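Me: I have a model open and want to go through it. Can you take my questions as they come?

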Amino acid sequence: MKTLIKNIKKLVQTEETPKKKIAGKEMANINSIENAFLFVKNERIIDFGIMNNLDAEITVDNTYDATGKMVYPSFCDSHTHIVYAGSREIEYSDKIRGLSYEEIAKRGGGILNSAKLLHSTSEDQLYKQAQKRILEVIKQGTGALEIKSGYGLNTQDELKMLRVIKRLKSTMPIEIKSTFLGAHSIPTEYRGKQTQYVDLVINEMIPVVAAEQLADYIDVFCDKGFFTIEDTDRILNAGMKYGLRAKIHANELDFSGGVQVGVKYNALSVDHLEFIGNKEIESLLNSETMPTVLPGAAFFLGMQFSPVRKMIDAGLPVALASDFNPGSSPSGNMKLISSMGCINYKMLPEEVINATTINTAYAMGISNSHGSIAKGKFANFFITKPIPSIEFFPYAFGSDLIDKVFIKGKIID
Ligand code: NIG
Ligand code: FE
């Protein structure tokens, strides 16, 4: 199947020599081609360029005329908890009345509420709920997703979540990476016995997760009131022995030391990062770890914003992901995340494009096949409605500007 998109007003983020990630000042640069064509064969991008260079003899199965419209590479969303049961809008009201995320968690709400509900929800129901959310975010421009477990908090229920993710991997059109997050919260029955729960994660959960090949990565919520640096160190060390690379929750609620322990284990990413100082920046500068900021969670919880400008100005790459989850970010809309990047973090529209595509692709280990318009990469992109400029896309924060979505060369209806 050959598809041609022609007369594209602007083909955004083209790469001749693909990069794995983009850091520092370079984040403000985006290559794009005006009056362009894009040629797709089966699942991959075969060619692109200016319309004048389009081979007049070319034979195709489908042609789309994109006059006045732009083409962007699909978003990669490298941090989500999109498999969960039900919703938690009850806490939303508690938050509005003034309770903090930590206070809600301490009362047995928060993650533990989702765990209770997940326990009584069948695997099939969980699958159906997640499938609906995934189809929604695909229409919003997302072409790859990382999904975490972490609402099981016992071996059976963690496995249940991971099996749902495995099924989604084989049925959804987009690339999905799976992360084991057994250490998301301390279950009620282990209150005051945190080390024993960490032992369970290490001795019972990790070995079965690895044996059944249910996870690509391992995560720990390393923060004040949740798991300590020592717990995190032990869990990441155990995961490493089974080939599970770390992607961790760090420095959301305090200077938890999470960044440094993540870097110590060569984490693929450290995520949240509201509390970042010079030490954390220094440690990230000497690493292969992608600093990932989750604007939806900071917005929803009314947290202080991560010092993204400081990180980029220091030469670091930054990725922006949705954190789609029922407690702190009940949305996976990456266009909205892009707008938050600009407004709340003072990122330029070009920086936001790099942060939501190639850098998030890196943060889920797929930047060789996703995250930009490059020959040989998957044909994952969206055609916008007619828009005047790149800036307009995050500026019009409430508008749906996506006209058509292509995943692996196929249009999604
Ligand atoms: O990334 N910070 C920890 N975990 C999730 C929230 C999960 C929840 O509240 O359900 C997050 O924000
Ligand atoms: Fe998260």
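Me: By class, what does the shell around ligand 1 have?
Reply: In this predicted model, the shell around ligand 1 has four nonpolar, eight polar and three charged residues. Ala, Val, Leu, Ile, Met, Phe, Trp, Tyr, Cys and Pro count as nonpolar, Asp, Glu, Lys and Arg as charged, and the others, Gly among them, as polar.

Me: Which residues are the closest to ligand 1?
Reply: R88, Y101, Y151, H184 and S328 are the closest of the 15 residues that surround ligand 1 (each with a heavy atom within 4 Å).

Me: How far is an oxygen atom of ligand 1 from an N or O atom in the side chain of D323?
Reply: 2.8 Å. For the Y151 side chain the distance is 2.6 Å, and for H81 it is 3.4 Å.

Me: How much of ligand 1 does the protein bury?
Reply: The protein buries 100% of the 320 Å² that ligand 1 exposes when taken alone (Shrake-Rupley method, 1.4 Å probe).

Me: Other topic. How is the protein chain divided?
Reply: Domain 1 is 2-74 + 372-412, and domain 2 is 75-364; the bounds come from an automatic or database domain assignment. Their contact takes 34 residues from domain 1 and 36 residues from domain 2, with heavy atoms within 4.5 Å.

Definitions and conventions
Residues numbered from 1 in each chain as written. Chains lettered and ligands numbered in written order. Predicted model: local features only at pLDDT ≥ 70, side-chain atom pairs only at ≥ 80, totals over all residues. Heavy atoms only, no water. Polar contact = N/O pair within 3.5 Å; in protein donor to acceptor, adjacent residues only side chain to side chain.
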